[in-house]
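Me: I would like to learn how to read strand pairing and helix packing from a model, taking one feature at a time. Could we begin with the strands?

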Amino acid sequence: MSKELRFDDKVAIVTGAGNGLGRSHALMLAARGAKVVVNDLGGGIAGEGQSSKAADIVVDEIKKAGGEAAANYDSVVDGDKIVQTAMDTYGRVDIVINNAGILRDTSFAKMSEADWDLIYQVHVKGSYKVTAAAWPHMREQKYGRIIMTASAAGIYGNFGQANYSMAKLGVTGFANTLAREGGGRNIFSNTIAPLAGSRLTETVLPEDLIKALKPEYVSPLVAWLCHQECEENGSLFEVGGGYFGKLRWERSEGKMYRVGRDITPDTIKAAWSQITDFSKSTHPSDINESMQPIMNNISKGESKGGNEFIDVDEALGYQFAPSTSSYDERDLALYALGVGAGDDPANDKDLQLVYEMHGTGFKALPSYAVIPAVNQIITMAKEGKTAPGLNFGIDRLLHGEQYTEVVRPLPPHAKLTHKSNVKSIYDKGKNALVTYETKSYDENDNLMMVNELTAVIRGAGGWGGERGPSEPKNVPPTGKPDVVTEQNIGANQALLYRLSGDWNPLHVDPGMAKAFGFEKPILHGLCTFGYATRHVINACFPDSDPRFFKSINVRFADSVYPGETLITEMWKDGDNRVVFQCKVKERDKVVISNAAIERYSEIPKPVAPKKKTESAQGGAAAPGSAEPISSDIFTAIGKFLEADPSVAGQIQTVFQFVLTGPDSVYTVDLKNGGGSVSAGETAKPECSLELSDSDFMDMCTGKADAQKLYFGGKLKISGNVMASQKLTFLSKLDPKLVLDAAKARAGSGGGAPVEAAPQSDEPNSADVFIAMRDYVEKNPDIVSQVGVVFQFKLTDPDSVWTLDAKNGKGSVDEGETQKPECTLELSDADFMGMTSGDLDAQKLYFGGKLKISGNVMASQKLTFLQKIDPEQAKEAVKKARAEKAAGGGTAKPAPTAKTVAASGPGLLEKLASFASANPGIVSEVAAKMQWNITGPDMRWAVDFSKGVGTAKEGTLDSADVTFTISDGDLAALTSGTESMEVLYQNGKLRIDGDLQVAHRLGFLKTLA
Amino acid sequence: MANKVNVLGVGMIKFAKPGASDDYNVMAAGAIREALNDAGVEYPEVQQAYAGYVYGDSTCGQRAVYEVGITGIPVFNVNNNCSTGSSALMLGAQAIAGGMAECVLVVGFEKMEKGALGSKFTDRTNPLDQHAGVMSKLQGFNQAPPAAQMFGGAGREYRWKHGTKKETFAKISVKARQHASNNPYALFSNVLSLDEVMNAPEVFDPLTRYQCCPPTCGAAAAILCTDAFAKKHGAVDPVYIAAQVMTTDYTSSFDEDSMIKMIGYDMAKQAAADLYEKAGIGAEDVDVVELHDCFTANELLTYEAIGLCPEGGAEKFIEDGDNTYGGKFVTNPSGGLLSKGHPLGATGLAQCTELVWQLRGTADKRQVEGAKIALQHNLGLGGACVMTMYRK
C-alpha cells in the first residue's frame, strides 16, 4: 500500500536548478520518474554573468542516475523559452517550480533603484514569465502544479532586504490568486518560504548553520506539493532544517461599528485594545470569509448611535443568560413584613400576607414579583456581568421607573427561570434611560411575571439618539383623591426590607449614606413600592384580595427616610385601574409619581399542573382490593349519618375535604336535613380541610393527630377553623362500617363507593366490548374479513371476553370460549389505553404488557377496532346501561372460572394404580418425582425409584425432579391435549432437577 | 490479493453501570486515545473512522471522534444490534484489506439506560417481529425482558433435548465471574458461588439474574493498518486478522419452530465453518476465545455452534473445565458480557481488545499462556454474527 510517490510521465521545470534548492528539487523529482528541465543561467548570486555549466552538471547527474533531464540556460525573464524547451523535448509541462533568484542586499538607505528593479525582474517578473508560458498548457491538459519560492524575509521583514522582501511577498500573492483561478482546472499553486543553506543564504547565515540547513530538507515538501495526489492549493509553508509547517492568517475579532456611526481617531484609540485583541480570533481563508463580518455588519443597518458609556447597537436587544431562583412562604411573609404589612397584627388584611395558615388562605403580596427579577439584576451587577455596550459603573445607575406584572396570583412557593433582555435605550440629553425586561417562568414554562426596570444612567446621554416617549404617564386628575391611606414607616424598616435581597449598604450604613450625600440611610425605593401596592390593594380591591392584582407602574421621584409617614393618594380610573402617588407627609414631597395599578376583573385561574391527576375516587389501593381506602371512610360516614340523623343537627356545618395524592374531593354536609356525604365539590363549604389522602387515612384510623397535622402544616383548614373541632365524631366511627364499605366496594368490582356520587360517565372496558358488539352487529362483513376467534383476558379487575369474528354473524360475549385462536392478555387499564388510542399495541407487546398467544399474526386484524364510531359507541353503551338498570341486561354474566378440573385426588389415584399395575414403566422411569400443582394447590410425592411405584399426597425429602404445573394444565397433559414439551417450552410446566425424567413420562398422556 | 490487516493498537475504558458513566463522546474519546497511544499513531494519520453504537441519534460517531480530532476524514456510523462493534471492525478491516486506506480507526461505544432492552420506535415495523413471532408461537410473550425470553427459551429447548442440568448453565456465570475478577476493566469483579447464581431471582427459567448480562456503558477502540503502515510505526509482528466472516439469518431462524435456531445458532455455525475454511485453521488450533455470552444459555449453545465441542456435548465440556484455564480453550477470559458488561456498540471491540492483549502476552493475571491463535464471536439478534480469527 505504501508505494513511493512517483512522478512518472510528468514533466517538471525547475528554475535556478544548477545549485542549492533548485538542484535538490530537480534531483528528487527526476529520481522519482519526472522528466526535468533543469534551468540555470549559470550566473552569480547577484545576477552577474552567465554559463551553461551549472545546468549541465545537474543534467548529467540525473542521467547518470538513470533519470531523464534536459538543460536550459535562459534567464527566467525569458520564461517562455524555458517552457519551450520542455515542450520541444518532452511535449508537455506539468510542474513549474519557480526557484531562481538573486540577492542585492543592502540597507534601504543605500539601495539603488537598479537594486530594486533587478530583484523585481528576476523574482517577480521571472516567476510570472515562466508561469505565464506554462499556464495555457496546464489549462489545456487540466493539470498543473506550481511552486513559488518566498522567504521569511518577505513574511516578517529582514534588515537589508527591502527589495527582496517586496519580491518574495509579491510571488506569494501571485500564487494565492493563481490558486483561485487554476483550482477548478486542477492547477494547484503553493508557496514555500524555505530556510536552507544555499548560495543566497551564505551571505546572511554562518557556515556551520548553513550546513545544518541542507536543501534536501526542503525538497520533500516541494515534491509532495507537486504530486498529483496532493490537493493543497493556495497555501504558504515554512520549511527547513527538518521543520515543516503551514502558515495562515489570523485576524482579531476587532471592533465593529454600525454604518452611520461617527468614528473619529479618538474612537479608534479608545477601542485599540479590542481591535488588537487576539483572544477571539478567526482565520479567514479566502476573500469571502474575510468580508463576511463586514457584510454582516452592513446588513444590520444604520447605527443607533452611542458613546463611551452606552453603545446602543451592541446593547439593545441583548439577551442575558437565563438564571433561576426560588421562593417559598417564608420569603413572601418576610417581604410583606418588609413593606409594612402586619404593623397592626389585628389587621386581617395584612395577616393573610404573612400567616401561611390563614383562615381564608395565605396570599402572596403581588409586588413581591419584582423581587426575584431585581435580585438577579443585582447579582449580575455584583458579578460584573453586564450587556455588551453598557460600559457604565453601577454608581451612575438610579432606579427610575418600575413596571411589574403578574400573569396570575403568585403561588405560595415557586421555582423560577428568568430571561432578561435590554428592552430599550433612550437618550434623554444629559442622562440615558435603559430598560431591562425580565420575564420569569415557572417549572412548567408558564410565564409568571414580567418586570421592566428602567434605570436612569446619570451623565450617559447626549449621543443624539432616540429620545423615547415624552408624554407623562399616569397623571392624577385634578381634584381630591378618591382614597388616601396614611402609614408610618418603621424606623427600622430598611433593615427589615433588605433581607429580601437588596443588600446595598446605602440603606443601612450611616457612613455610606453620608458618602452618597444623604443625612442618614434612605429607604429602598422598592420598599415604598411595596407599601403603595398594599395601600391600593387594601383600599381599592374587592375584599382587599391581592389575587386580583395585574400590574403596577411607578416612577421613583424622591427618596424616603425610614420613620417618615407615607401618604398614598389614589384616584379610581374605572373599575380596574387606580392612578396614585405617594408623598412623605413630614416633608410634603412626592416620592412616587406617575403611578398606576391595574387589576384583573376576575381572579385568574391557576394553571393546571401538567401531570395527570389520579382518579378521583380511587384511593391508594387497587379498586378491587378490600383494604379500606379513603372512599370507604366517606361511605362509612354516610352510613353513620343514616344511623344517627341527630349528628347533623349538633354540628351544623358544611365541610369540604380536599385530598391529594391521589386527588379527590368530598363534601360532608352536616347542616342540611339529616346530613349527607357526596363525592365532589360543594358551592359553599363553610370549613375546608386540605390534606393528603394518606394523612387523611392516618387521621381517621387514629394513627395521626389532626392537631399535629395542622401545626405541622400538613393539614390546611380554611373558612371556619373552629368548626373543624366538631369533626371529633370521626374517631367514633365504627371500624366495622369502614371494613364493610371496603368489602362492598371490592365485591362490586370497584363500583362507585359512595352512593350519592353520580355514576361515572367514563367508559370502562365493558363499554368498549359493548361498542365492539354494536359494531360487529352493524358490520357483519367483518367476519369474512377477519375470520378469527379472539379471547381477551383482562386483569385488574379481571374479566374475560370473547370476540368471535369467524362464526355466523360474529359475536361479542363476556366469558371464555372453548377454542380461541388468538388470546390477548393485558390489564384492564392497558386495554382501555389501547382501544382509546393512547397506548400502542406493539409497544405493549414488546414491553411485555400485552401477552399474545395462539395465532399472533391474527392480532394484526384487530385494527378494525379503531374504526368504531365513538358516537355510535356511546349510543350503544347508553342503551346497554339503561337495559341493565332496568334489569334486562344483555351482557351475559361472567361464568364462574371454568378450570377443567383435573379432579386432583382422582388423578392421583389413577397415578397410584398405574404405578402398581406397571412395574416395567416404573423401573424405566426410576426417579423420585415431586409434583407441585397449583389452583387448587396440591403436593404429590411420586416415587418411582424403587420396584413398586407410589403416588400420594405430600412432599418428598429428596426428589430427583420437581414438576410445577397448574391443575388445568395437568388436566390437558394427562388427557393428551398438550404435550409435556410444549408446556415446558411455554413455561406452563416448570421442571427443576433432572429433566431427563420427563422424557420417560410418556404414559402420562393416557392417564386421565 | 487482499492486504493483511494488522491490529496496531487497541484500547478500552472501564465499563460502568448506566447513570454512572460519562457521556458517549467522552467514553469513546477515552478509548480512542488509549488505542492511538497503544498504536503509537497520531490521530491525523487516521484516514477513516468506523463508529459503532446502537442507541443514539445519527452521527454520534462524528461527535465522538471529534473529541480527539477534526480532520475531515470519512466517518461511518454502524448499527447492527449487539454485533455492532464487530460489524464496524469488519468494515474497517475491509477498507484496509481492499487497499482503500492504510490506517483506520474503529470505535464502539454505548450509553445504555437502566433496565432491559426495549424498542425505541413503536410507529413502524419492529425489526425483530419475525423473531418475536417464532417465540410467541412456541412459548407466548411473557412479562420478562424480551431478550431473556428468547435466549432463555433457547435454553429450555436445549435442556429439553439434552436433559441438561440447570446448574450447568449457572456454572458459566461462576466461570465468567472468576475470569472477570482478574480484569480491571470489568463491571463486576466479585466472584460468585454456584449457589449464589442458582439462588438469584429468576428472570426467565432457566436463567437467573446472574445469568443475564447487565446493561452497561462503555467504549473500546482499535487501530487497523497495513503492513507498510505498521512497519513505518516500528511495530514488530503486530497481531493481525487471519480471517473474518459475517452471517445473517437463514430461513431456519423462522421456519423450524426452534428457539435455538431463532436466536441465531445457524448464523454462528455457518460463520464458524466459513471462518475456519478461510483461515485454514480449525477450532482445535484456537487457544483463547471471546464469545457472545449475553446469557449463559447463549454461551453454552455457542460452544457447540462454533465447534468447541460436539453438539450435545456442552455439559461435559463445562464439567471437564474445558472452557477455562487448564482446559482445551479459555472462553471469555475477560469475564465476557456477563461480567465485564455489554455496552452493545462497544462489545465487539472490547472482545477484540482482550484478544489482542492475550496474543501479545500482556493480559496480566488473565493471560492464557502461550496464546497464539484467538477467536472472536459476536452475535446480534435481528440478526448478524461476526466471527474473527486473530493471529500473531
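This is a predicted model: local features need pLDDT of at least 70, side-chain atom pairs count only at pLDDT 80 or more; totals for chains, interfaces and linings use all residues.

Me: How many bridges join S14(A) to S16(A), and in which sense do the strands run?

Reply: Two strands pair if DSSP finds at least two bridges between them, strands being DSSP runs of E with at least two residues and helices runs of H or I with at least four, numbered from the N terminus. Here S14(A) (residues 483-488) and S16(A) (residues 565-572) run antiparallel and are joined by 6 bridges.

Me: Which residue in S17(A) is the bridge partner of Ile567(A)?

Reply: That partner is Lys583(A), and S16(A) pairs with S17(A) (residues 577-584) over 7 bridges, again in the antiparallel sense. Their hairpin has 4 residues between the strands, and Gly574(A) takes a positive phi near 75° there.

Me: Turning to helices, at what angle do the axes of H11(B) and H12(B) cross?

Reply: Axes are lines fitted to C-alpha atoms, for helices over the stretch in contact, with angles from 0 to 180 degrees between N-to-C directions. The axes of H11(B) (residues 265-279) and H12(B) (residues 296-305) cross at roughly 40° and come within 9 Å.

Key
Residues are numbered from 1 along each chain as its sequence is written. Chains are lettered from A and ligands numbered from 1 in the order in which they are written.
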